[in-house]
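Trainee: I am new to this structure and should like to go through it by question and answer. May we begin with the terms and then proceed to the details?

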Amino acid sequence: YHAKESGASITFFHSDMLEKAQQRFNIEQDLGYALELNQLSLVFQPICKGDRVHHFEALLRWHHPELGSISPMTFIPIAEDTNQIHAIGRWVLARVCQLLGYWQRESGGFDYPGITVNVSAKQLVSPAFISFVESLIEQNKIAPYKLGLEITESTLMEDEQASAQALQALRKAGVRLYLDDFGTGYSSLSLLGEYVFDVMKIDRHFITNVIDSDRSSTKLCAAMIQLAKTLEMDVVAEGVETEEQLTWLLEQGDVSIQGYLISRPLPVEELINWHPACAVSNRIEALNSTPKI
Ligand code: C2E
Ligand code: MG
Ligand code: MG
Ligand code: MG
């Protein structure tokens, strides 16, 4: 083998690493200002049963002035490492509860969709989290079950005891608990026994492969749906992209559908197309300003 060639590739490898580290450092720094500079926003993806939307999942978006749109898959782990997730997470929750408050007031007593929020491990076990959620529900005068919290298995594994306590308290507060990305972790089954989640979200990976040739994902998916039913949990299939997947899921019975086939995540002003109670166009100004947290 040519020493020169491997030498060159090592140099390249190093500079690549350096660039990555530098970029991460920049992102860390910029994330610190993202909230006050109004660079963060939320989009909402419908979760549907039949032709009816019953929840939207709130998903963070970061528009960086130079780098453009940065995925939450990139910046959420950084926010978690640097503890910025606390301020960002409070902003998301405040924003979502504010929106639910508008919908509740403007729905004129008719039903309106709920919203789910993704919660990181550090948020869940932080001492002020429960009271913060409770105070938002009270301030905005919303029915607590309209707020859903999505928690992944890996989140719970980080600090099992504190997580279990937090989940119990949240249940008492009346919010809906979603077990996100179900099936991807190591101890999914024991988690179902320990905690009482209201909803199981089957991970996109299983849905993507549900119409596969060796049928193993098909069988796993069917078994997960049965399991949820036995435990009296609702089921959401995430990442539904094709008619074939949809047809198969509907054959399984009572499954809620989320995915690009139904809708991509949408900005708040487009939600009215999904439900008449989501009329906020005259309030967009207010909603775009950062709520007090
Ligand atoms: P997640 O909670 O599992 O969210 C679902 C992800 O799948 C979203 O990606 C959504 O846009 C995407 N998705 C939905 N339907 C489809 C589909 O049919 N096909 C494909 N390929 N993708 C689909 P997104 O918005 O990039 O978010 C990625 C992850 O970032 C989320 O995964 C969640 O873990 C995290 N995240 C997003 N917003 C927040 C937040 O406010 N707080 C926290 N802690 N995490 C967040
Ligand atoms: Mg989620
Ligand atoms: Mg998910
Ligand atoms: Mg996922």
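Mentor: Helices (H or I, at least four residues) and strands (E, at least two) are DSSP runs, numbered from the N terminus. This is a predicted model, in which local features need pLDDT of at least 70 and side-chain atom pairs count only at pLDDT 80 or more, whereas totals for chains, interfaces and linings use all residues. Residues are numbered from 1 along each chain as its sequence is written, chains are lettered from A and ligands numbered from 1 in the order in which they are written, and side-chain values use heavy atoms, with hydrogens and water left out.

Trainee: Which residue follows α7, and what is its phi?

Mentor: Helix α7 comprises residues 160–173. Directly after α7 comes G174, with a positive phi near 95°.

Trainee: How far apart are the end C-alpha atoms of α7?

Mentor: The expected span of a helix is 1.5 Å times one less than its number of residues. For the 14 residues of α7 this gives 20 Å, and the separation of the end C-alpha atoms agrees with that, being 20 Å.

Trainee: With which residue does R171 form a salt bridge?

Mentor: A salt bridge is a side-chain nitrogen of Lys or Arg within 4 Å of a carboxyl oxygen of Asp or Glu, and the structure holds 10 of them. R171 is partly exposed at 32% relative accessible area. At 3.6 Å, N to O, its side chain meets that of D198.

Trainee: How many residues apart in sequence are the parts that the pair D111 and K146 ties together?

Mentor: D111 is partly exposed at 43% relative accessible area, whereas K146 is buried at 7%. The closest N and O atoms of their salt bridge are 2.8 Å apart. D111 lies in the loop between α3 (85–106) and β4 (114–118), and K146 in the loop between α5 and β5, so the pair ties together parts whose separation in sequence is 35 residues.

Trainee: Which residues are linked with R24 in a network of salt bridges?

Mentor: Both R24 and E28 belong to helix α1 (residues 3–34), four residues apart, about one turn of the helix. Their side chains meet in a salt bridge of 3.3 Å, N to O. The network joins R24 to E28 and D81.

Trainee: With which side chain does the side chain of T116 make a polar contact?

Mentor: T116, in strand β4, is buried at 0% relative accessibility. A polar contact is a pair of N or O atoms within 3.5 Å; within protein, one must be able to donate a hydrogen and the other to accept it, and residues adjacent in sequence count only if both atoms are side-chain atoms. At 2.7 Å, the partner side chain of T116 is that of E150.

Trainee: At what distances is the magnesium ion (ligand 2) coordinated?

Mentor: Donors are N, O and S atoms within 2.8 Å of the metal (3.2 Å for Na, K and Ca); water is not among the atoms, so sites may look incomplete. For the magnesium ion (ligand 2) they come from E57 (OE), N118 (OD1), E150 (OE) and D180 (OD), at 2.0 to 2.2 Å.

Note on methods. Buried means under 20% relative accessible area, exposed over 50%, partly exposed in between (1.4 Å probe, protein chains only).
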